[in-house]
Amino acid sequence: MAKYENNPRAIRGLVREAEVHRDVYVDPEVFELEMEHLFPNSWIYVGHASQLSKPGDFITANIGRQPVVASRHSDGAIHLFYNRCPHKGVKIASEPCGNTGKFFRCPYHAWSFKTDGSLLAIPLKKGYEGTGFAETQANDGLSKIKNVVIYRDFIFARLSEHGVAFEDYFGDSLSTIDNMTDRSPQGKLAVEAAPIRYMHTCNWKMLVENQTDTCHPMVAHESSAGTAIKVWQREQGDSTEKPMAVQLYGPFMSPYEFYEQSGIRIWPNGHGHTGVNNSIHSNYSDIEGYLGQMVAAYGETRAHEILGEVRHNTVYFPNIMVKGAVQILRNFIPIAVDRTLVESWVYRLVGAPDKLYERALMYNRFINAPTSIVGHDDLEMYERAQEGLKTNGNQWVNLRRLYESGEEPDVTAVINGTSERQMRNQFHAWAKYMTMDMDKNLDQPGEAAE
Amino acid sequence: MISENTITDFVYREADLLDTMQWQAWLDLFHPEARYWMPLEWQQQDPVLQPSLMYEDLLLMKVRIERLAGERTFSQKPKSRCHHLLQAPQILACDPAAGIFKARTSFIYTETRGDALERFSGWASHDLVQVGDELKIKLKRIDLVNFDAPFGNIQLFM
């Protein structure tokens, strides 16, 4: 029974001022509509240009559920295509990354395409003479995604031909990507390894919301971070230097007051971040030689400005989170209404000491892995919510912490760090990007056309 | 005198201590400088500047074990259990004079979580040293055959 298809009013009805209906997490029809509307209307992270350093390099990804492939052409340009042969639909690239040489060759009938997507050759081509082939979409080669923006090497794409422009969509939130990139003395990041991947049996939005949920760490992570502190206090003996591991785990147990004063900043279109004034990443030990490199590269004032910005989690709506201070990007990839693939990427700060990369890798396996004890706590909560939300007694999820009546949507503001306003911000954007083209289909003016 | 049989018995006993959840006895098998390593790449060489699923010292192993018994460890309600099915260990080195003892053991590992049951296949590598009359683990390395696949929670030790 279709409750929501072609029914933007019903979709908007799922999001109240400070509550959301459970169907946003558990209804398969809502998930289908997210794939059809929300993801194509939004700017989605595809990959990092350092993964495409040489001509012929390619990476594959999914935007929503649609497979895409990005490639570096011989002239240096990066192109993005739907990952299907125009002939029978076979994916032309199946690996996460690789080098295809001068052309892609479909493994089924050997149609080949230049790395700019244009059709190179078809075996026994005379079979298409006089058939009208030249007028078909197949003759154009791989279907290109036109709306691609590479911002400081981060590749984003919007599948919908019309919609909100990249700069308007992200606005000032790009400052987190700036800060992460500026932390390299050369202003350059590099992906050097595959991400840590794990599968969560919950809706993708639970993971996104959790990124700015500052009232859960001291509760849900007591068993992991709390135990780490306890064991360290008991076992440390005479050692005075806190190991890197304890420095990384410990701050998860910070009290409510810490998160309250650290602040949350929200931006239009559902983006926002925790850790405005300071964060759980503020008190890591200095790494020898790094500050000197940064000062040499940027000057004293600017270097301290860059390193003084220690934002905690930045959510880029709809489905990635960036941690500038530890050079991590987590991609929450929707697989099904109750299934989410997480890919947690680490970037190396080009030119910075190895120790920084070591710390980022360590943080990633401690916090963002199937073997992470912190992750074990989180997944347990998401799975219980995925089950609990099936109950009919109360069909609403409450997001009312520090709600003020008349909150303006789509504004930039800094607020108390325990507010749930960033979650409200995300759901406002959710309703907007879900429905903007439904309205159009219904021949009504869109809410936010370019 | 440590023989190949001593190494084989050691590998079986180590797995048995995990299956029977004798955590303290299991930790006692490790050298103070030991590491437990679960790589994230095929034939990975570097545990520090390449990503791994786990690379932990005794302190971190103790944290994991203490967490399992915690009152507020919600992901262990109900508690997980595990089962190691081992092939006969292949002895790669047994050199008492040099103090080098190495084995590689093919395994199938099962971990439960409530009604769910997950299976993993791979190889366990043991680098052992002699301390007094006993063998101790310097490095236990777990190479999963599908290390690059996305798993759910893995909460115990393989």
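The centres of domain 1 and domain 2 of chain A, taken over C-alpha atoms, are separated by 35 Å in this predicted model. Domain 1 of chain A comprises residues 45-151 and domain 2 comprises residues 193-432, with bounds that come from an automatic or database domain assignment. Four residues of domain 1 of chain A are in contact with six residues of domain 2 of chain A, contact meaning heavy atoms within 4.5 Å. Between these two domains of chain A an area of about 490 Å² is buried, and carbon and sulfur atoms give 63% of that area; buried area is the accessible area, with a 1.4 Å probe, that two parts lose on being put together, summed over both. Of the area that domain 1 of chain A buries against domain 2 of chain A, 74% is supplied by A:Tyr45, A:Gln51 and A:Gly64, more than by any other three residues.

Residues are numbered from 1 along each chain as its sequence is written, and chains are lettered from A and ligands numbered from 1 in the order in which they are written. Local features need pLDDT of at least 70 and side-chain atom pairs count only at pLDDT 80 or more, whereas totals for chains, interfaces and linings use all residues, and side-chain values use heavy atoms, with hydrogens and water left out.

Between the chains, 34 residues of chain B are in contact with 41 residues of chain A, and the area buried there is about 3,100 Å², of which carbon and sulfur atoms give 59%. B:Leu49, B:Arg67 and B:Pro150 supply 19% of the area that chain B buries against chain A, more than any other three residues.

Over all chains, a search of the whole structure finds 29 aromatic pairs, in which rings of Phe, Tyr and Trp (its six-membered ring) have centres within 6.5 Å, with planes under 30 degrees apart counted as stacked, over 60 as edge-to-face and the rest as tilted. The pair of A:Trp111 and A:Tyr128 is edge-to-face, because the ring centres are 6.0 Å apart and the planes stand at 90°. This pair links distant parts of the chain, 17 residues apart, with A:Trp111 in the loop between strands S7 (103-105) and S8 (112-114) of chain A and A:Tyr128 in the loop between strands S9 (119-121) and S10 (147-151) of chain A; helices (H or I, at least four residues) and strands (E, at least two) are DSSP runs, numbered from the N terminus. A:Tyr128 also forms a tilted pair with A:Phe133, at 4.8 Å centre to centre and with 45° between the planes. A:Trp111 counts as buried at 3% relative accessibility, and A:Phe133 likewise counts as buried at 10%, while A:Tyr128 counts as partly exposed at 27% (buried means under 20% relative accessible area, exposed over 50%, partly exposed in between, with a 1.4 Å probe and protein chains only).

Strand S10 of chain A runs antiparallel to strand S11 (residues 154-158) of chain A and is joined to S11(A) by five bridges, strands being paired if DSSP finds at least two bridges between them. A:Asn147 has A:Arg158 in S11(A) as its bridge partner, and the two strands form a hairpin with two residues between them, where A:Arg152 in the turn has a positive phi of about 50°.
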